[in-house]
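This report describes side-chain contacts in a single model. The sequence and structure are shown first.

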Amino acid sequence: MSKLNVRCRGEKGPVIGTCCISTSPEFFAATMSMGLDFVFIDTEHVAIPRDKLSWMCRAYGSAGVVPIVRVPEPEPYRVCEYVDGGAQGIVAPYVETVDQVLSLVGAVKLRPLKGARLEECLAILKSHNAGKVVGEPQCPAKRPSVTDLLESTLGSELSSYIRTKNKDLMLFINIESVPALDVLPSLIGVPGVDGVFIGPADLSVSLGIPRQWHNEKFHTAVTSIIQQTSSRGLSVGCHYSFDKAIDYQKKWVQEGADMIVHASDVSLYARALGKDLRQFRTSEVGSHKESSISRDSDAKDTEVDV
């Protein structure tokens, strides 16, 4: 179990990370001075070549900062590529079905099994999940691992090999829609799931209140996801980069979140630069010249999904 996994269980409070999408070595150096526990690298919304992504994961991992990568889609073969490239955690976007979760568990927790042997194991895990009482919390210390559940099928030698090979890998599912929220107990009840990342932008759209961050409907949904997930001993955080980010992250930690996924390099850059530009334009120096940059854009909250 990785250092991040241990801390996510509440031993030292929430773990803190940010979204890093710049491939520049300068951003890596700056991030290292911040004391982060993890970085969230988003390849769903950002085009990062596979070789550069692997360098980013290896560099952050070697420096003791856990690289968690959101993959472009919940597709198991793509997930294997990213894990092989050095990702220590996987976030799968827009997950809504148990079968999707099972395929992801196979890619992250049962590598390198493939084909009919893997399908046999996933069928066993699915029957185990279906046989549980939906909504019944389970203490992490009492929750059997994937390889524990499959040892009689895999045999002790193969089971031990898979357990050792994947022991530090984490699987998070993105909960970002009403259909996912409706079946959340079944999704997080699949053995091998380590936690949930809440996707606020897509969730607000699915709720019919796009980007209405202060709407009670949005907060009710987020609180429900946090409480249902944390009550089962799983990790949960919301990647939130928008208005009142600090206040809301504190609120969610109080409700049970143990991961703070704060902002992103691009959103922080845009806000800081926008603030400086507004100061120039409202000063005596800046008031004599028209800028080619739209003043309307300065006044808006920076809307970047990452």
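The sections below treat cysteines, aromatic pairs and salt bridges in turn.

## Basis of the model

The model is predicted; local features need pLDDT of at least 70, side-chain atom pairs count only at pLDDT 80 or more, and totals for chains, interfaces and linings use all residues. Residues are numbered from 1 along each chain as its sequence is written, and side-chain values use heavy atoms, with hydrogens and water left out.

## Cysteines

Zero disulfides (pairs of cysteine sulfur atoms within 2.5 Å) are found in a search of the whole structure. Cys 80 is buried, at 18% relative accessible area, and Cys 238 is likewise buried, at 2%. Here buried means under 20% relative accessible area, exposed over 50%, and partly exposed in between, with a 1.4 Å probe and protein chains only.

## Aromatic pairs

The whole structure holds ten aromatic pairs. Rings of Phe, Tyr and Trp (its six-membered ring) pair if their centres lie within 6.5 Å; planes under 30 degrees apart are stacked, over 60 edge-to-face, and the rest tilted. Trp 213 and Tyr 240 form an edge-to-face pair because their planes stand at 90 degrees, with ring centres 5.6 Å apart. This pair links distant parts of the chain, 27 residues apart: Trp 213 is in the loop between α11 (200-206) and α12 (216-230), and Tyr 240 in strand β7 (residues 235-240). Helices (H or I, at least four residues) and strands (E, at least two) are DSSP runs, numbered from the N terminus.

Trp 213 and Tyr 240 are both buried. They belong to one aromatic cluster together with Phe 218, Phe 242, Tyr 248 and Trp 252.

## Salt bridges

The count of salt bridges (a side-chain nitrogen of Lys or Arg within 4 Å of a carboxyl oxygen of Asp or Glu) comes to eleven. One of them joins Arg 70 to Glu 44, with the closest N and O atoms 3.2 Å apart. Arg 70 lies in strand β3 (residues 66-70) and Glu 44 in the loop between β2 (38-42) and α3 (50-62), 26 residues apart. Arg 70 is buried at 5% relative accessibility, whereas Glu 44 is partly exposed at 24%.

Arg 50 is exposed at 52% relative accessibility, and Glu 81 is partly exposed at 30%.
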